[in-house]
Amino acid sequence: MEELWDVYDKNRNKIGTIKRGEKLNDDEFHLVVNVWIKTADDKFLVTKRCKNKSFAHLFECTGGSALVTENSLDAAIREVKEETGIDITSFKHELVGSTLRYYKGCPDILDVLIFYAPLSKDIKVSIQEEEVEGFAFLSAKEILDLYKNNKFEANAFFYDALNK
């Protein structure tokens with residue numbers, strides 16, 4: 001099934017729709033989310049990218065592209081459910097930050113959200129093996145150590161999310 005994305009201008013006005021993989025102009029953007037899940041015991045749920053993806057075997061927060069008609073909250077809930085099996089619909093959340101990123105042929109609007117979850121021991125994770133090869137509940141310090149050792153794929157607002 002082909003994936004469709006809404007296309008926006010830099011002010012988030014919807015200006016069209018494209019199929020995933022089609023090129024965007026430098027003034028066209030699709031919506032992408034990074035989702036941090038922080039547990040009540042101050043751990044973050046991170047996933048490990050599978051071998052067939054770019055940045056293979058690196059840890060990261062969950063994320064992905066919004067599908068047509070989705071806003072960043074909808075995309076965050078769907079991506080987390082798909083990749084980890086967790087329904088975060090009822091979790092309190094906030095926007096950590098938003099930025100425009102200019103990748104050649106595929107610029108995006110990145111929204112970074114954090115969701116506040118129960119204790120890590122109370123969360124059942126079921127990974128999507130096409131996307132994820134593992135997961136861990138880690139402290140901010142453990143994530144920073146992975147990052148310093150080139151084992152964590154950090155995106156925008158990385159330090160802001162870890163300091164929440």
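Okay, let's start with a definition: a residue counts as buried under 20% relative accessible area, exposed over 50%, and partly exposed in between, using a 1.4 Å probe and protein chains only. Take Glu 133: at 35% relative accessible area, Glu 133 is partly exposed.

Before going on, a word on where this comes from. This is a predicted model, where local features need pLDDT of at least 70 and side-chain atom pairs count only at pLDDT 80 or more, while totals for chains, interfaces and linings use all residues. Residues are numbered from 1 along each chain as its sequence is written, and side-chain values use heavy atoms, with hydrogens and water left out.

So, the overall picture. The protein has nine strands and three helices; helices here are DSSP runs of H or I with at least four residues, strands are runs of E with at least two, and both are numbered from the N terminus. Reading from the N terminus, the order is β-β-β-β-β-β-α-β-β-β-α-α.

How big is the radius of gyration of the protein? For 164 residues a compact globule would come out near 15 Å, and the protein has 16 Å, which agrees. That radius is taken over C-alpha atoms, and the globule rule is 2.2 Å times the number of residues to the power 0.38. If you follow the C-alpha trace along its principal axes, it spans about 45 × 35 × 30 Å. Of the 164 residues, 45% are buried. And here's one on contacts, meaning heavy atoms within 4.5 Å: among contacts with a separation of 6 or more, 62% are between residues 24 or more positions apart.

Now, salt bridges. What counts is a side-chain nitrogen of Lys or Arg within 4 Å of a carboxyl oxygen of Asp or Glu. There are 15 of them in the structure, and I'll walk you through a few.

One joins Arg 20 and Glu 3, with N to O at 2.8 Å. Arg 20 sits in the loop between strand E2 (14-19) and E3, and Glu 3 in the segment before strand E1 (4-8), so this pair links distant parts of the chain, 17 residues apart. Glu 3 is partly exposed, at 26% relative accessible area.

Next, back to Glu 133, which pairs with Lys 48; their closest N and O atoms are 4.0 Å apart. Glu 133 is in strand E9 (residues 132-138) and Lys 48 in strand E4 (residues 44-49), 85 residues apart. Lys 48 is partly exposed too, with a relative accessible area of 26%.

Then there's Lys 53 with Glu 131, where the closest N and O atoms are 2.7 Å apart. Lys 53 lies in the loop between E4 and strand E5 (59-60), and Glu 131 in the loop between strand E8 (108-117) and E9, so the pair ties together parts that are 78 residues apart in sequence. Both ends are partly exposed: Lys 53 at 23%, Glu 131 at 26%.

Which residues are linked in a network of salt bridges? Those are Glu 70, Arg 78, Glu 79 and Glu 82.

On to empty space. Rolling a probe the size of a water molecule over the atoms shows where empty space is left. On a 1 Å grid over the protein atoms alone, a cavity is a set of points where a 1.4 Å probe fits but cannot get out; a pocket is an open set with protein on both sides within 12 Å along at least five of seven lines; and lining residues have an atom within 4 Å of a point. Grid points are joined across faces, edges and corners, and a volume is the space filled by probe spheres set on the points.

The largest pocket holds about 840 Å³. It is lined by 29 residues, and the closest to its centre are Arg 20, Val 32, Arg 49, Gly 64 and Ser 65. Strand E3 (30-39), strand E6 (62-65) and helix H1 (72-84) each give two or more residues to that lining. By class, the lining has 13 charged, nine polar and seven nonpolar residues. Charged means Asp, Glu, Lys and Arg; nonpolar means Ala, Val, Leu, Ile, Met, Phe, Trp, Tyr, Cys and Pro; the others, Gly among them, are polar.

Last stop, backbone angles. Asn 150 has phi near 55°, positive though the residue is not glycine, and Asn 150 is exposed, at 63%.
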